[in-house]
Amino acid sequence: MTAYFTGQFCLPSWGYALGMLHDKGKERDAFQQYIRKTNGLPVTDGKSYGEHHHAFVGGILATNLMGNSVLNLLANQIISHHTGLHDYADAENVIEERPLPEEINKKDIVLNIPQLQKELLDSPFSKLKVSMKHFHHLSRMLFSCLVDADRLDTERFMDVASWKKRGCSSLITDLLPKFEAYLSELQLHAPDTEVNRIRKKVQDQCSMTSSGETGFYSLTVPTGGGKTLSSLLWAMKHAVNHDMNRIIIAIPYTSIIVQTAGLLKDIFGEENVLEHHSNFNPDEIKNEKVREKAKLATENWDYPIIVTTNVQLFESMFSNKPSDCRKLHNIVNSVLILDEVQTLPTNFLQPIVDSLKAYQEMFGVSVLFTTASQPVLSGIIKGTNPTTNFEGIDHITEIIPNGFALHDKLRRVTLEIDNEGKTYDDIAAKMSVYNKVLCIVNTRKDAKELYDRLPDEGVKLHLSRMMCPAHVSETIFKIKALLKDESQPVVRVIATQLVEAGVDIDFPVVFRQETGLDSVLQAAGRCNREGRNAVGTTFVFSLAAEKRIPFGAMEAANSARLSLPADSDWFAPSVMEKYFHQLYSRTNTFDDKKIKHYLYNDEAMCFKTASKKFKLIDDDCMNIIVNWGISMELVEKLKESGYTYPLMKQLAKYTVGVHRSDFDKLVSYGAIEEVLEGIYVLADRGQYDKNTGLSLDNHWMEELLMI
């Protein structure tokens, strides 16, 4: 099976060698005794062998047969298939510190070394000899093939019922007609408007260009231009044209994932779309057969369409863990859609782009970047000094020609930018002039301060990550309903960036705190989204009078925007390109954790160290289960039955992440209870506001002071 998986990228003999050398370890007497005992069989000689590890055997055999040159092509993979890929020195130690058990039969090893060498020379990897920075991806891909083959083989022997439930019989060729029928039905009932004619034109262009060679593509479509469906049409036709295996859609925000996955499940059926992210609980799938298949598929992504997060995708690409890497070989020969690509973190941009180049060149992946605010990802861009230059992709084909001028034809918003510092009261007063208005700010603190200052008339709502995901979802649903309710004239919403991209809400007026141009335009995409007004207005404001100025990466983004001419056509792609050049020129590093140092040397790769460092989300975060909805009922189940994966997936919907300093503050109040090791609960409902979520202030002390 390993040979079949590696054959997908032209290295079948390497897969065979991995599987065969791995299996030799199971000849070890201690392992044979362990297997016999586990299965209730008698032990042949009655000896006690102690530990029964078998992985090191194949690693020793690989280096004995082919030398240390295969440490990161065969040996590391075999010795690590249960523990995780080792750093180079640790892998050497594992192999050198133990002798080969005497009972291992070396005479029956069939290893065609000339064929192994020929395959490597004939593979796509051979042309990358000058750039060894891709080598670690090849090592990890071979590891993925071995891990998944080993797990599947074990499952077929130990749990044949689960093994039979795996996989999905549908191919992209089967699903494309369903999608085309859906689009035809949609167009049949769509009113003949300028916006719908543009959406059809974008779809036709995607269809026409889908037969292009595998490679890098971009789809730059302003908000409201039908980017989601058009990108999927291109991807499906491209996959069919090139006999590709699956489509993987990576999205930065779970709010967009839930929305996108829901749409795709409606079109293709729940049995053909795998949703894989932290807030999705497969146990909520009603159909038992589909539920079990989805649970199994999260392990190795053996589905035709996968919708996941950027974090899940890229952290797996740089992980050393078997559970993370197991899915990687199913990315081979697939189409990867990166939605809202402008959100890729600048401080990890170089290793991310390098990984995409590796997967395209070595593993036949086509990549489609989609956004209304396309970043600059090609060529060489200079940072603040020569050592921080960003080396981009050689060529990216834009699907939409400049002549379409979509930024003009879909222009439904004007930007009014005021760089003079304002107070919270100033902005609250300006918002209060409008009955239906959305304000997006940079931090949770700003959201709370502005919310408290809005007048208590009509409906005012708050959205931030101080609210648990279940609370956020309920509030977004409520906002959508209120905006459609003509009997509710006043709806004012204060939110953080969580609504900035992909959330289908439509306000006639939007306010956006100063930030980078890409975020400003994403906020403007929530304004007059459906073109109900002749033109909407998005106000960009500063809170400098409150000393609330952007900081960190946001400060650099805002400075890049401010450096552009004040009379710029902010919606023009050419201006967005200038903005990203300005942003990158202010960047200190495109590889903040020095991933290059740990992985780009084929002789001393440090998989474990790099895996720990490649974290797209700051680790300085403590998760707290809050008192909302049915969370306390679930906590009682947790206390009674202990930790279970399905229960923790349910509780994830009622969890808020806070910085450690804020966590310590809540602990000092006595508000936090550790119900199991590392699982914290804030049961006091008074500490969780029904409007704004988790409060960091001691509400008991406040009530005493009020008395």
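Modeller: The largest cavity has a volume of about 90 Å³, where a cavity is a set of points, on a 1 Å grid over the protein atoms alone, at which a 1.4 Å probe fits but cannot get out, and where the volume is the space filled by probe spheres set on the points, which are joined across faces, edges and corners. This is a predicted model, in which local features need pLDDT of at least 70 and side-chain atom pairs count only at pLDDT 80 or more, while totals for chains, interfaces and linings use all residues. Residues are numbered from 1 along each chain as its sequence is written, and side-chain values use heavy atoms, with hydrogens and water left out.

Around the largest cavity, the lining (residues with an atom within 4 Å of a point) consists of Lys227, Thr228, Ser231, Leu232, Ile249, Ile251, Thr260, Ile337, Asp339 and Thr370. Two or more of these residues come from each of helix H12 (227-241), strand E2 (247-251) and strand E5 (335-339), helices being DSSP runs of H or I with at least four residues and strands runs of E with at least two, numbered from the N terminus. Helix H12 gives the most, with 4 residues, and the lining as a whole divides into 4 nonpolar, 4 polar and 2 charged residues.

Terms used. On a 1 Å grid over the protein atoms alone, a cavity is a set of points where a 1.4 Å probe fits but cannot get out, and a pocket is an open set with protein on both sides within 12 Å along at least five of seven lines; lining residues have an atom within 4 Å of a point. Ala, Val, Leu, Ile, Met, Phe, Trp, Tyr, Cys and Pro count as nonpolar, Asp, Glu, Lys and Arg as charged, and the others, Gly among them, as polar.
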